[in-house]
Amino acid sequence: MLSQTLFSSVSATEAGGFPIGNILFTAIIFLVLMWLIKHFAWKPLSEMMTQRADKISNDITSAEKSRKDAEELAKKREDALSKSHEDANTIISDAKTSAQKQGEQIVSEARNDAQSVKASAQKDIEQERKDALANTKDDVANLSVEIASKIIQKELKSDDQKALIDSYIEGLGKQNAR
């Protein structure tokens, strides 16, 4: 049949007419070829295109989700950073307050220590003054005994002389107290 069509088309062409058989043959071959392409190439290509579209859609969705997650994470970090700045400021403020209180306490303790040292020094000075007065009293008594003995040219016993001088000095102290 095909050969008849071919011959008839060739003969029609040689005769100078319209090649209907050639056109039909080309159309049938074209339809068969289209069916083969649809059956063997179009379905896999269509499936591949659908899978590719799905993958791109999933990638876009995943990217959008990742972007939202990144924004949330950035916001959380920004909040944490802000909170850490507030905490740092609080710690610095507390440290300043504590240092000021500690400084005042140290100054107060130093003043108390200075007062204590001053009182102790005054007490020591008073004691030294009393000791010096006592030593001076003894020295004056000894000198007085020596002077008196030279004047009297008579030796008195040392204990008698001291008792005499002490009573004289006590008598002077009582007169000064009045």
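Student: Is arginine 129 buried, partly exposed or exposed?
Tutor: Arginine 129 counts as partly exposed, because its relative accessibility is 44%. Keep in mind that this is a predicted model.

Student: What does the side chain of arginine 129 meet in a salt bridge?
Tutor: The side chain of glutamate 126, at 2.6 Å from N to O. Glutamate 126 is partly exposed, with a relative accessible area of 30%.

Student: How far apart are arginine 129 and glutamate 126 in helix H2?
Tutor: They are three residues apart in helix H2, so about one helical turn separates them.

Student: Which residues do salt bridges with shared partners join into one network?
Tutor: Glu64, Arg67 and Glu71.

Student: How many salt bridges does a search of the whole structure find?
Tutor: Six. One of them links lysine 55 and aspartate 59, at 3.2 Å from N to O. Both residues lie in helix H2, four residues apart, about one turn of the helix.

Student: New topic. Which residues form the negative surface patch?
Tutor: Asp138, Asp139, Asp166 and Glu170. Helix H2 (20-152) and helix H3 (158-177) each supply at least two residues of that patch.

Student: And which residues make the nonpolar surface patch?
Tutor: Ile28, Val32, Trp35, Leu36 and Phe40, with a patch area of about 530 Å².

Student: Where is phenylalanine 40 placed, and why does phenylalanine 40 count as exposed?
Tutor: Phenylalanine 40 is in helix H2. It counts as exposed because its relative accessibility is 57%, and exposed means over 50%.

Terms used: Residues numbered from 1 in each chain as written. Predicted model: local features only at pLDDT ≥ 70, side-chain atom pairs only at ≥ 80, totals over all residues. Heavy atoms only, no water. Patch = residues over 30% accessible without salt bridge, like charges linked within 9 Å, V, L, I, M, F, W, Y side chains within 5 Å. Areas by Shrake-Rupley, 256 points an atom, 1.4 Å probe, with all protein chains shown as cover. Salt bridge = Lys/Arg side-chain N within 4 Å of Asp/Glu carboxyl O. Lys, Arg positive; Asp, Glu negative; His and termini not counted. Charge placed at Lys NZ, Arg CZ, Asp CG, Glu CD. Buried < 20%, exposed > 50% of the residue type's maximum accessible area, 1.4 Å probe, protein only.
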